[in-house]
Amino acid sequence: MDEYQDLNACDAAVVDAIRQRGAKVYGAGDDDQSIYGFRHALPVGIRSFLERYAPAGDLKLEVCHRCDKAIIALARYVAALDVHSLPKPLNPRDGAGDGEVLLLRFGDQTEEADGVASICRHLIDNVDHKPDDILILLRNDRYSKFSKPLVAALGAAGVPCRLKVNDDTPLDTDEGRIALSFLRLCHFKYDSLAWRTLLMVSQKGLGDGAFRALYDAARGAGLTVGQLLTEKDLTPVPRFGAKLQAARTAILQQLLAASSTLETPADGSPAPPLFDRVSGMFNAVVKDSNERAKMLEYVKTVITESDATTAAGLLQALSAADSETEQAIVPGAVNVLTMHRAKGLTARTVIVVAAEDEYIPGRQEGTPAEGDERRLLYVSLSRARERLVITYTDKRTGQQRHTGRTSGEKTRNLTRYLQDAPVQPTDGNTYVQNLGR
């Protein structure tokens with residue numbers, strides 16, 4: 001199991017079930033890189049590996065082949081802030097450079113954006129960097145509040161950039177989930193998850209109580225929820241039978257119209273191209289023409305990139321595309337990403353923007369998820385090979401004022417994870433003015 005620290009309890013149960021059938025378990029990972037708490041992955045899984053799978057051996061990867069020395073030192077400092085972190089060596093490779101770590105303080109977000117753009121320009125012009133040697137990381141970017149001034153400053157400096165901070169697709173809307181669920185049911189009519197999605201999103205008046213009653217009825221009949229909804233009379237379901245029956249009937253009517261467009265011709269003639277068939281299905285279930293156009297444009301891209309020719313192949317490709325939390329470096333441009341998307345990537349220079357306590361840990365302060373924020377910073381810092389630049393501001397105004405844990409207030413502070421770090425803050429404007437001297 002690679003990236004073992006990203007397993008949640010359900011994933012781990014599957015591994016246990018395989019192990020009980022005679023398999024040996026080999027887990028590779030790093031508890032300090034456990035950053036997917038939002039899907040209930042916790043570092044305790046890899047931290048308890050030796051006990052869970054006793055007798056087990058412990059093999060340590062001791063040499064960091066990515067980062068230069070100063071970057072490793074700061075990453076080690078942040079990792080050690082977690083008293084539960086597994087002790088592990090993290091040594092630079094033979095011949096590693098000294099590296100450079102900068103902690104730059106700016107007055108506000110305009111100074112910060114201009115400063116970051118100037119640093120990128122300097123690296124490209126004077127330090128033999130290609131644009132894609134530079135990676136800029138943001139904790140988040142809701143409504144483009146952070147990326148908008150940053151991209152504008154990069155453009156003014158003549159620095160090409162590629163922005164990829166939004167993980168959502170056109171299918172990550174209520175109408176998109178409805179369309180995807182109908183596609184799943186066209187492929188497999190007993191798909192319980194698709195049925196539940198349609199009942200939750202497209203039908204009103206059905207809450208947790210109705211779904212518990214539906215689940216209990218399915219279990220009692222020895223069926224899956226999808227089988228019960230497809231084949232049985234639902235009126236006997238206690239309290240909710242009439243509502244469930246009416247909702248099921250409406251969905252089946254739509255499904256009949258949707259599935260007819262995906263079926264192969266009965267006369268044996270060649271089926272139309274997959275995109276044409278999917279378009280017909282989306283026309284049958286998505287009312288809003290603008291939303292439908294966005295979805296179909298996305299689906300067309302997935303079909304082209306995956307070479308899918310069947311509904312099953314398309315569903316597999318869509319699943320892979322939706323679950324891809326990591327992002328590839330785009331050549332020829334400075335890449336601007338969220339911290340989560342940077343996992344697995346590396347660059348000669350990494351610039352971490354808005355490293356403030358109001359965002360890291362931000363609203364997770366004092367919650368079980370706060371540990372994820374420290375580990376996310378550790379992952380971000382350790383993406384840099386030669387140079388690490390961390391920026392923060394004394395205040396944020398305009399739209400950025402209304403972000404973070406203290407939304408509405410102007411004052412910002414350096415993240416607690418770097419306040420006593422082995423690198424001292426430097427005035428960002430002064431540093432930029434002296435570039436190249």
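**Entry 1: strand pairing**

I looked up the partners of strand E3 and found 3 bridges joining E3 to strand E9 (residues 425–427), the two strands running parallel. I note that the model is a predicted one. Within this pairing, I located leucine 103 of the model opposite proline 425 in E9.

I then turned to strand E8 (residues 384–393), which is joined to E3 by 7 bridges and also runs parallel to E3. Here I found valine 389 of E8 to be the bridge partner of leucine 102.

I next checked the burial of E3, which spans residues 100–106. Of its 7 residues, 5 are buried, so I recorded E3 as largely enclosed by the rest of the structure. I kept in mind that side chains in a regular strand alternate between the two faces of the sheet.

**Entry 2: helix packing**

For a packed pair of helices, I needed the angle and the distance between the axes. I looked up helix H12 (residues 274–285) and helix H13 (residues 289–306): their axes come within 11 Å and cross at roughly 155°. I recorded the crossing of H12 and H13 as right-handed.

I then listed the contact residues. From H12, I noted Leu274, Phe275, Val278, Ser279, Phe282 and Asn283. These meet Arg292, Met295, Leu296, Val299, Lys300 and Ile303 of H13.

Conventions:
Residues are numbered from 1 along each chain as its sequence is written. This is a predicted model: local features need pLDDT of at least 70, side-chain atom pairs count only at pLDDT 80 or more; totals for chains, interfaces and linings use all residues. Side-chain values use heavy atoms; hydrogens and water are left out. Buried means under 20% relative accessible area, exposed over 50%, partly exposed in between (1.4 Å probe, protein chains only). Helices (H or I, at least four residues) and strands (E, at least two) are DSSP runs, numbered from the N terminus. Two strands pair if DSSP finds at least two bridges between them. Axes are lines fitted to C-alpha atoms, for helices over the stretch in contact, and angles run from 0 to 180 degrees between N-to-C directions. A crossing is left-handed if the near helix is turned anticlockwise from the far one by less than a right angle, and right-handed if clockwise. Contact means heavy atoms within 4.5 Å.
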